[in-house]
Amino acid sequence: SGLDPAQPYFQDTPIEVRLDQSDAKFVDVIHTDTAPTIPYLGFGMSTAIGHLDFYPNGGREMPGCSKNVISTIVDLDGIWEGTRDFAACNHLRSYKYYSDSIIYPDGFLGFACASYDTFETESCFPCSKDGCPNMGHYADKYKDKVTSEVTKLYLNTAETKNFPLWRYKISVTISGNRKVTGYVNIALYGDGGNTKQHQIFQGYLQPDVTYTKLVDAELNVGTITKVKFLWNNNVINPTLPKLGAAKVTVQFGE
């Protein structure tokens with residue numbers, strides 16, 4: 001398992017010099033700091049070099065690493081940990097994701113995709129019939145399905161521990177008698193717990209129109225037992241408009 005393998009002096013070198021597929025029967029890689037070393041001080045290699053290459057959050061900028069200097073250094077994990085994070089926060093996220101993955105066997109699902117921009121659309125959702133590999137400790141559950149082809153996998157993570165997020169596709173069909181400006185939130189409830197409210201759409205809410213969004217939820221709710229629909233209008237409206245949800249469809253990434 002390569003935890004953000006080093007970029008300076010290693011990227012684009014012969015395979016004898018760096019980590020490569022040929023080094024083991026199964027090589028999985030987590031890329032967290034792939035910006036060019038000059039001028040962006042990226043420490044990690046951007047090239048896909050394993051059987052499975054995971055690019056959380058696109059592989060360049062990790063959520064939570066853009067905090068101001070003081071809040072980064074006076075970190076929850078202590079001043080020493082915070083100081084290191086300030087110097088190489090993106091680079092060090094790789095081992096933090098890996099250690100979190102040990103306690104979340106169903107977390108960190110990686111979606112095979114051409115790029116991070118494509119991953120942010122619905123093109124790579126849900127997982128293929130072969131399923132999605134898990135980034136980190138349980139990546140080897142997928143080892144019998146790998147080929148010599150380059151497989152780039154994308155996912156999003158939270159800003160702080162606990163890092164894994166679970167991807168859902170949520171569609172809401174609005175009911176009502178007229179168009180209203182506002183926003184729609186959805187919360188999911190299941191036998192594994194419930195999520196916070198996630199915004200599906202903001203703008204003109206049109207009755208009989210379906211709004212869809214990919215949501216990275218903070219937990220796997222398991223079998224869904226209830227969906228909470230909330231809406232609000234952005235401006236004071238004396239006519240007290242009413243909207244409802246004619247239908248809510250939820251699809252889990254797996």
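Phe111 is buried in this predicted model, at 4% relative accessibility, where buried means under 20% relative accessible area, exposed over 50% and partly exposed in between (1.4 Å probe, protein chains only). The model is a predicted one, in which local features need pLDDT of at least 70 and side-chain atom pairs count only at pLDDT 80 or more, while totals for chains, interfaces and linings use all residues. Residues are numbered from 1 along each chain as its sequence is written, and side-chain values use heavy atoms, with hydrogens and water left out.

A search of the whole structure gave 10 aromatic pairs. Rings of Phe, Tyr and Trp (its six-membered ring) pair if their centres lie within 6.5 Å; planes under 30 degrees apart count as stacked, over 60 as edge-to-face and the rest as tilted. For Tyr104 and Trp166, the ring centres are 6.0 Å apart and the planes stand at 70 degrees, so this pair is edge-to-face. Tyr104 belongs to the loop between α3 and β4, whereas Trp166 belongs to strand β6, so the pair ties together parts that are 62 residues apart in sequence. Helices (H or I, at least four residues) and strands (E, at least two) are DSSP runs, numbered from the N terminus. Trp166 is buried, with a relative accessible area of 5%. The rings of Phe111 and Phe119 also have their centres 6.0 Å apart, but their planes are at 40 degrees, so that pair is tilted. Phe119 has a relative accessible area of 2% and is likewise buried. Phe111 and Phe119 are members of one aromatic cluster, together with Tyr55, Tyr116, Phe125 and Tyr154.

Two lysines were found over aromatic rings. A charge sits over a ring if NZ of Lys or CZ of Arg is within 6 Å of the ring centre and within 35 degrees of the ring normal. The charged end of Lys179 is placed over the ring of Tyr204, 4.7 Å from its centre. Lys226 lies over the face of Tyr189, and here the value is 4.4 Å from the ring centre.

Strand β6, which holds Trp166, is part of an open sheet of 3 strands in the order β10-β6-β12, with antiparallel pairing. Two strands pair if DSSP finds at least two bridges between them. At the edges stand β10 (210-217) and β12 (243-252), each with a single partner strand, so one side of each is left without a neighbour in the sheet. From one strand to the next, the twist averages 25 degrees; axes are lines fitted to C-alpha atoms, for helices over the stretch in contact, and angles run from 0 to 180 degrees between N-to-C directions. Strand β6 (residues 166-176) is joined to β10 by 8 bridges, and the two run antiparallel. Lys169 has Leu214 in β10 as its bridge partner.

The backbone was also examined in the loops. The peptide bond from Phe125 to Pro126 is cis, with omega near 0 degrees, and Pro126 lies in the loop between α4 (116-119) and β5 (152-155). Positive phi values in residues other than glycine occur at Asp12, near 65 degrees, and at Phe108, near 60 degrees. Asp12 is in the loop between β1 (2-3) and β2 (28-30) and counts as exposed, at 68% relative accessibility. Phe108, in the loop between α3 (79-102) and β4 (111-112), counts as buried, at 1% relative accessibility.
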